[in-house]
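Opened the notebook to look through this one piece by piece.

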Amino acid sequence: MAIDKHITPMLDQLETGPWPSFVSGIKRLRDQHPDPRINEMTNDLLGQLEHSYETRKGYWKGGTVSVYRYGGGIIPRFSEAAQSFPHSKEFHTLRVQPPAGNHYTTAMLRQLADSWEKYGSGLVTFHGQTGNIMFIGASTENTQPFFDEINEYGWDLGGAGPCVRTAMSCIGSARCEMSCTNELKAHRLLVNNFVDDVHRPALPYKFKFKVSGCPNDCQNAIERSDFAILGTWRDDMKVDQAEVQRYVAEQGRQYYIDNVITRCPTQALALNDDDTLDINNRDCVRCMHCLNVMPKALHPGDDKGVTILIGGKRTLKIGDLMGTVVVPFKKLETEEDYESLVELATTIIDFWAENGLEHERCGEMIERIGLATFLEGIGIEPDPNMLNHPRQSSYVRTDGWDEAAAEWFARQAETAR
């Protein structure tokens with residue numbers, strides 16, 4: 001049965017640019033999908049979106065939609081223009097947790113798509129900053145059967161509302177040579193231990209875990225998570241001098257002087273006359289730039305672990321915050337190491353749940369009560385690496401710290417006399 005397609009001149013303009021348009025994808029569902037229900041649903045979705053562009057108003061409102069025994073994971077959307085666009089009057093989004101490192105088989109992706117086409121609109125997004133698979137466009141009636149079907153073969157809803165949100169991790173050691181930790185194990189362990197807090201919102205606001213395997217931070221953990229785990233190393237960077245010389249021979253000395261040596265933020269690099277590289281490892285701040293430009297020549301050291309930062313977030317009450325270092329270096333090798341990671345996360349969430357204000361992220365609580373109070377509350381001793389200014393390095397030299405402190409106190413005493 002042919003449908004009466006909505007006229008969408010404003011949306012049509014979004015297809016004229018050089019990049020793929022979401023409008024084209026929705027139109028394909030409307031025009032080419034074999035299920036008339038999806039044709040009608042996406043047609044009315046396009047109609048309402050065009051109407052929104054014309055009137056400069058949004059017509060979606062919230063509500064309450066959930067699946068049995070879950071308190072979150074679904075974003076309800078009810079249309080205030082349902083009379084004009086009845087087939088998209090309910091267009092709820094289901095958040096589904098991805099596997100650690102976003103590893104999928106094509107067979108599983110097809111199975112998920114088949115289930116979604118049976119019950120939903122066919123629109124899916126992977127993954128966004130939430131980390132979830134976003135199944136966009138289900139009616140209230142079809143929400144429960146879709147969840148039941150995918151849950152039967154192993155999938156679970158992600159977080160929504162004031163809860164522990166869906167965790168994210170990079171592909172890490174599965175493919176990346178810069179990985180300094182087992183990102184997938186840390187991700188899975190945290191999810192398994194906080195699954196009740198994901199499904200039953202009972203916190204001041206949202207709390208996110210993100211795991212990046214090296215300081216490149218491909219997950220934006222420092223900026224976008226309350227509990228950021230970053231792989232790092234604390235011994236010397238590994239250097240293959242023959243590969244350094246090969247790089248220089250191919251591109252020339254000036255290229256590597258301009259693009260590696262002079263771009264080191266602490267001037268820790270020097271290119272020798274024989275085209276080998278000197279590295280002052282004590283001044284290295286793990287910015288990763290040189291390793292990214294010369295990946296065959298430079299690699300992280302062997303003494304690997306993680307740095308843990310707390311309080312990163314986007315704008316809410318007090319503007320953007322980057323994570324503050326609370327554990328400068330932690331080994332993650334033994335089961336005891338991983339258990340202590342979970343214990344630290346539990347302590348921090350409990351302290352924030354008790355002391356945070358309503359709709360206040362963990363980082364905003366730290367800004368309000370002070371870093372010293374927060375560290376005392378979670379039982380961690382202050383450390384010189386605990387810097388909370390986003391433009392300061394999270395790695396500092398502490399060799400000679402005691403001697404320098406003694407000299408400072410001596411100067412203070414002399415001044416007082």
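I call a residue buried when its relative accessible area is under 20%, exposed when over 50%, and partly exposed in between. One reminder to myself: this is a predicted model.

**Entry: helix 10**

I looked up which residues of helix 10 are buried. They are Tyr 256, Asn 259, Val 260 and Ile 261. I then checked how they sit around the axis: the arc they cover is only 155°, so they are on the same side of helix 10.

**Entry: helix 9 against helix 10**

Two packed helices are described by the angle between their axes and the distance between the axes. Helix 9 (residues 241-251) meets helix 10 (residues 253-261) at about 110°, and their axes are 6 Å apart. I count 65 to 115 degrees as roughly perpendicular, so that is the word for helix 9 relative to helix 10.

From helix 9, I noted Tyr 247, Val 248 and Gln 251 in the contact; helix 10 brings Arg 253, Tyr 255 and Tyr 256. Sorted by class, the contact has four nonpolar residues, one polar and one charged. Tyr 256 turns up in this contact and also among the buried residues of helix 10.

**Entry: the record**

Most residues other than glycine have a negative phi, and most peptide bonds are trans.

The peptide bond from Phe 126 to His 127 is cis, with omega near -15°. His 127 belongs to the loop between strand 5 (120-126) and strand 6 (133-138).

Arg 69 is not a glycine, yet its phi is positive, about 70°. I found Arg 69 in the loop between strand 1 (60-61) and strand 2 (74-75). Its relative accessible area is 64%, so Arg 69 is exposed.

Asn 102 also has a positive phi, near 55°. Its loop runs between strand 4 (92-96) and helix 4 (106-119). Buried or partly exposed? At 31% relative accessibility, I put Asn 102 down as partly exposed.

Terms used:
Residues are numbered from 1 along each chain as its sequence is written. This is a predicted model: local features need pLDDT of at least 70, side-chain atom pairs count only at pLDDT 80 or more; totals for chains, interfaces and linings use all residues. Side-chain values use heavy atoms; hydrogens and water are left out. Axes are lines fitted to C-alpha atoms, for helices over the stretch in contact, and angles run from 0 to 180 degrees between N-to-C directions. Helices (H or I, at least four residues) and strands (E, at least two) are DSSP runs, numbered from the N terminus. Angles under 35 degrees count as roughly parallel, over 145 as roughly antiparallel, 65 to 115 as roughly perpendicular and the rest as oblique. Contact means heavy atoms within 4.5 Å. Ala, Val, Leu, Ile, Met, Phe, Trp, Tyr, Cys and Pro count as nonpolar, Asp, Glu, Lys and Arg as charged, and the others, Gly among them, as polar. Buried means under 20% relative accessible area, exposed over 50%, partly exposed in between (1.4 Å probe, protein chains only). The arc is that of the directions from the helix axis to the C-beta atoms.
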